[in-house]
Amino acid sequence: MAFDKDAIIASLKEASISDLNDLVKAIEEEFDVSAAAPVAVAGAAGGDAAAKDSFTVELTSAGSAKVKVIKVVKDITGLGLKDAKAIVDGAPAAVKEDVKEDEANDIKAKLEEVGATITLK
């Protein structure tokens with residue numbers, strides 16, 4: 001009997017959630033495996049073993065070009081001028097929270113380009 005991956009995938013697409021759940025349990029029992037994702041042990045690598053998946057971009061200092069920083073904060077956050085100014089005046093303050101690493105680095109680069117000091121948390 002040949003293994004037909006495409007037929008299996010097509011069959012899985014038509015299955016109900018209950019059927020898929022039963023299939024996972026049967027595979028776990030048959031092959032003595034677990035479908036649960038492995039959990040990283042925090043102390044195993046001598047530090048934070050789990051990768052961080054969301055960041056907070058914190059404005060630490062506006063630097064000498066405060067007006068430019070306010071404009072960039074306004075563009076990034078979509079806030080009005082008054083609210084963007086409040087963030088810059090209140091530094092250290094969070095510019096954006098719970099963002100992916102790529103977006104956090106992009107925001108950091110934009111703000112540092114106009115003279116701001118940024119910390120990713």
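How many of the seven residues of strand 1 (residues 55–61) are buried? Five of them are, so strand 1 is mostly covered, where buried means under 20% relative accessible area, exposed over 50% and partly exposed in between, with a 1.4 Å probe and protein chains only.

This is a predicted model, in which local features need pLDDT of at least 70 and side-chain atom pairs count only at pLDDT 80 or more, while totals for chains, interfaces and linings use all residues. Residues are numbered from 1 along each chain as its sequence is written, and side-chain values use heavy atoms, with hydrogens and water left out.

**Overall layout**

The chain has five helices and three strands. Both kinds of element are DSSP runs numbered from the N terminus: helices are H or I with at least four residues, strands are E with at least two. From the N terminus, the order is α-α-β-α-α-β-α-β. Of the 121 residues in the chain, 19% are buried. Contact means heavy atoms within 4.5 Å. Take the contacts between residues at least 6 apart in sequence: 63% of these join residues at least 24 apart.

The three strands form an open sheet in the order 2-1-3, with antiparallel pairing. Strands 2 and 3 stand at the edges with a single partner strand each, so one side of each has no neighbour in the sheet. On average, neighbouring strands are turned by 20° against each other, direction ignored.

Two strands pair if DSSP finds at least two bridges between them. Strand 1 pairs with strand 2 (residues 93–99) in the antiparallel sense over four bridges. Here Leu-59 stands opposite Ala-93, and Glu-58 has Ala-94 as its bridge partner. Strand 1 also pairs with strand 3 (residues 117–120), again antiparallel and over four bridges. On that side, Ser-61 stands opposite Thr-117.

**Helix packing**

Two packed helices are described by the angle between their axes and the distance between the axes. Axes are lines fitted to C-alpha atoms, for helices over the stretch in contact, and angles run from 0 to 180 degrees between N-to-C directions. Helix 3 (residues 66–77) takes part in both pairs below.

| Helix pair | Axes come within | Crossing angle |
|---|---|---|
| Helix 3 and helix 5 (residues 101–113) | 9 Å | roughly 155° |
| Helix 3 and helix 4 (residues 81–89) | 9 Å | roughly 120° |

Helix 3 is therefore oblique to helix 4, but roughly antiparallel to helix 5. Angles under 35 degrees count as roughly parallel, over 145 as roughly antiparallel, 65 to 115 as roughly perpendicular, and the rest as oblique.

Helix 3 passes helix 5 in a right-handed crossing. A crossing is right-handed if the near helix is turned clockwise from the far one by less than a right angle, and left-handed if anticlockwise. Helix 3 contributes Val-69, Val-72, Val-73 and Ile-76 to this contact, and helix 5 contributes Ile-107, Lys-110 and Leu-111. The contact has six nonpolar, no polar and one charged residues. Ala, Val, Leu, Ile, Met, Phe, Trp, Tyr, Cys and Pro count as nonpolar; Asp, Glu, Lys and Arg as charged; the others, Gly among them, as polar.

Helix 3 and helix 4 also cross in the right-handed sense. Lys-66, Val-69, Ile-70, Val-73 and Lys-74 of helix 3 meet Leu-81, Ala-84, Lys-85, Ile-87, Val-88 and Asp-89 of helix 4. These residues divide into seven nonpolar, no polar and four charged.
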